[in-house]
Amino acid sequence: AHVESPIGPLDVVSLHLDFKRAAERRAQLADVSAALERRQDPARSLIVAGDFNTSHDARCGTLTGFVKRHGLFVPEGSFRTFPSRRPRAHLDHVLI
């Protein structure tokens with residue numbers, strides 16, 4: 001989505017990646033990456049948020065590669081979000 005904000009225009013992406021298969025998450029992020037590379041104004045600020053179903057520091061590096069590829073920033077202070085009753089894993093992210 002293209003959003004006008006007090007700090008200027010933003011591109012905002014909300015997603016929910018596959019919860020079982022890392023290969024499917026990688027394929028989904030590849031699709032998102034392809035769409036991001038077609039943005040009308042790549043210099044516009046970007047926010048990508050949602051349930052990635054993987055931690056930023058996961059061994060597979062799925063999210064790390066995505067963050068680097070698009071010049072995103074992972075805010076400090078991770079919080080656990082899964083399972084909701086007694087969270088032990090940080091699977092939801094807001095990347096800026």
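Guide: The sheet is open and has 4 strands in the order E1-E2-E3-E4, with mixed pairing. Strands here are DSSP runs of at least two residues and helices (H or I) runs of at least four, numbered from the N terminus; two strands pair if DSSP finds at least two bridges between them. Strand E1 (2-5) and E4 are the edges: each has a single partner strand, so one side of each lacks a neighbour in the sheet. On average, neighbouring strands are turned by 25 degrees against each other, direction ignored; the axes are lines fitted to C-alpha atoms, and angles run from 0 to 180 degrees between N-to-C directions.

This is a predicted model, in which local features need pLDDT of at least 70, side-chain atom pairs count only at pLDDT 80 or more, and totals for chains, interfaces and linings use all residues. Residues are numbered from 1 along each chain as its sequence is written, and side-chain values use heavy atoms, leaving out hydrogens and water.

Strand E2 (residues 8-16) pairs with strand E3 (residues 45-51) in the parallel sense over 7 bridges. Between them the chain passes through helix H1 (residues 22-37), and this β-α-β crossover is right-handed, that is, clockwise from the first strand over the helix to the second with the strands pointing away from the viewer. Leucine 10 stands opposite serine 45 in E3, and serine 14 has alanine 49 in E3 as its bridge partner.

E3 and E4 pair in the antiparallel sense, over 4 bridges. Here valine 48 stands opposite leucine 95 in E4.
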